[in-house]
Amino acid sequence: MIDVNQFLSKTAAELPPSGIRKFFDVAAQMENVISLGVGEPDFITPWSIRDETIASIEEGYTSYTANPGLLELRQEISNYLKNRFNIEYDPKNQIIVTIGASQALDLAFRAILNPGEEVLIIEPAFVSYPALVTLAGGKPVQVGTKAENGFKVTPEQIEEALTPNTKAILICSPNNPTGTFLNKDDLTKIAEVAIKHNLVVITDEIYAELTYDEDYVSMASLPGMYERTITINGFSKAFAMTGWRLGYVAAPEALIQAMLKIHQYTTMCAPHMLQHGAIEALRNGKDQVEEMQRSYRRRRNYIVSSLNEIGLECHTPGGAFYVFPSIKNTGLTSQEFAEQLLKKERVAVVPGNAFGESGEGYIRCSYATSMEQLQEAIIRIDRFLKSLNVKQEQVAIEK
Amino acid sequence: MKLTKEELEILYILEENHRLSTGVIAKQTQLSEEKVEEIIKKLEENKVIVSYPAIIDWSKVEGQENVIAMIEVNVTPKRGVGFDEVAERIYRFPEVSSVYLMSGAFDLSVTVEGKSLKEVATFVSEKLSTIDSVVSTRTHFILKKYKHDGVIIEGKENKDRRMVVSP
Ligand SMILES: Cc1ncc(COP(=O)(O)O)c(C=O)c1O
């Protein structure tokens, strides 16, 4: 027998599997599970978006599009970015429609990284970031944030992590998994460091529409930042279009043109008919986005109050659909907590350490699920916590 | 009536599901439970919240299947009271579940519910058409309900198709 592993590249073989994968395999086997582990909206894509897409298939839009996507769609994206965040990107040469924000991130790293160059990743962070940097030949440098700072990175932390090889810093607001929202002051502090040390800033704004307390400010709109910022966004979260795999990247022309070369060789273009749905989303989706926003905000308020009430301390996240409570007072690791909660009470959450070392001691709970499910989940988690406390007391007595 | 942001938010919540406890609504809105109760009471007193009915699919209940007709009614409005008087005469019948004044080709849209086709037909011919100001009626029986008051009765989309855990 041949050992097929010998055919693997070193990069592929050494790439760590996602910490979420393992958990998924266990939870997927079980019945009657309430999942707070889902990283996507619980809404179905609004009908008018689906309807436009169906019509475009019926009308025969089945060919390739221009490499950066339909100009009509890029024009809508450009209008949206201008109206919503006051940043101007020329639809002709500063925007590429991608296969999700995921591909946009991949393009960004590949376009800017020389072998060994470092990207600062503010953790806890979306699981794909370090791997994408590695695959692009760069080196991910994790910068862990703290709950007492609301999981916001401080300028000092950034400066400490800098080396002569640091090329870029990646930020994500609102954040997955902490829900942390960076307001203008927070962004300005990061921008100052970036300008001082001549860094590129890649900003993942996929959750920008899911912001609940303050107005969203986009990094590229800050003074001195436009030229060094790569703006990444998409349709997945705002319009409940995760399965469509549509996103986009906007940046200064030279960066976009480099990304476009990579995009045309690896992907050609995003699916034609789905781009018609995306046009409809940007043109007529605003009301539905706001309705979903309101619904998430309510659920956020409910779950934050409830978790704090039953003894899992968490801050109120400004956006996305995640809360990131501390489980340190249970004495369990994140992994143990999540495993036992799943086994005993059939509630799935994601252990915080799946998002980086600084996530240890926390769990990610997604509230993108119905109020009925959330209420039941709280009852079950409460029961679970009580069972832990009882056990801990018993142990103490036996000793 | 001008409502505050909190009052509006509570209306949106109740419109979607009025069975949530005030405790849950308090958490959702970050208000105290007393404040939520006070707001709901005020909205009820002002008839902004009119009632809390459940949407029931009677066609699923054996022996309770009912017949619903939507009736286009033309009337002669009366001097001084316009359509209100005849509308009132119609909506007082318990068989009538809704009455709307309409623009366009007819005046009143009346929904009538009964146990059988015959019962509804009798109501229309003996009660409705015989009202003085009623000039004519056209009766349309409902064959199947797909969506009622914003709620899809039996959709394909009710199932959660997401994976249980995802990044
Ligand atoms: C922070 C963050 N960025 C990017 C993505 C990927 O988005 P897309 O579906 O557009 O590829 C996700 C999805 O979970 C995310 O949480």
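# Close-up views of a predicted two-chain model with a ligand

View 1. Residues are numbered from 1 along each chain as its sequence is written, chains are lettered from A and ligands numbered from 1 in the order in which they are written, and side-chain values use heavy atoms, with hydrogens and water left out. An oxygen atom of the ligand is 2.6 Å from a polar side-chain atom of A:S236, and an oxygen atom of the ligand is also 2.6 Å from an N or O atom in the side chain of A:K237.

**View 2. The shell around the ligand.** The ligand lies between chains A and B, and it is surrounded by 14 residues, the closest being A:A101, A:S102, A:D204, A:S236 and A:K237; a residue is near a molecule or strand if one of its heavy atoms lies within 4 Å of it. Helix α5 (residues 100–112) of chain A gives the largest share of this shell, 3 residues, where helices (H or I, at least four residues) and strands (E, at least two) are DSSP runs numbered from the N terminus. By type, the shell divides into 7 nonpolar, 4 polar and 3 charged residues, with Ala, Val, Leu, Ile, Met, Phe, Trp, Tyr, Cys and Pro counted as nonpolar, Asp, Glu, Lys and Arg as charged, and the others, Gly among them, as polar.

View 3. B:E9 forms a salt bridge with A:R298, and the closest N and O atoms are 2.8 Å apart; the term means a side-chain nitrogen of Lys or Arg within 4 Å of a carboxyl oxygen of Asp or Glu. B:E9 lies in helix α1 (residues 5–16) of chain B and A:R298 in helix α11 of chain A, so the pair joins two chains. B:E9 counts as buried at 14% relative accessibility, and A:R298 counts as buried at 8%, given that buried means under 20% relative accessible area, exposed over 50%, and partly exposed in between (1.4 Å probe, protein chains only).

**View 4. A salt bridge within chain A.** A:E117 and A:K167 form a salt bridge whose closest N and O atoms are 3.0 Å apart. A:E117 lies in the loop between α5 and β3 (118–123) of chain A and A:K167 in strand β5 of chain A, so the pair ties together parts that are 50 residues apart in sequence. A:E117 counts as buried at 16% relative accessibility, whereas A:K167 is partly exposed, with a relative accessible area of 24%. Over all chains, the structure holds 27 salt bridges.

**View 5. Two cis peptide bonds in one loop.** The peptide bond from A:S173 to A:P174 is cis, with omega near -15°, and A:P174 is found in the loop between β5 (166–172) and α8 (184–196) of chain A. A:P177 is found in the loop between β5 and α8 of chain A, and a cis peptide bond with omega of about 15° joins A:N176 and A:P177.

**View 6. Two residues with positive phi.** A:N32, in the loop between α2 (19–29) and β1 (34–35) of chain A, has a phi near 60°, a positive value in a residue other than glycine, and A:N32 counts as exposed at 58% relative accessibility. A:A320, in the loop between α11 (286–310) and β9 (322–323) of chain A, also has a phi near 60°, but A:A320 is buried, with a relative accessible area of 0%.

How values were computed: This is a predicted model: local features need pLDDT of at least 70, side-chain atom pairs count only at pLDDT 80 or more; totals for chains, interfaces and linings use all residues. A polar contact is a pair of N or O atoms within 3.5 Å; within protein, one must be able to donate a hydrogen and the other to accept it, and residues adjacent in sequence count only if both atoms are side-chain atoms.
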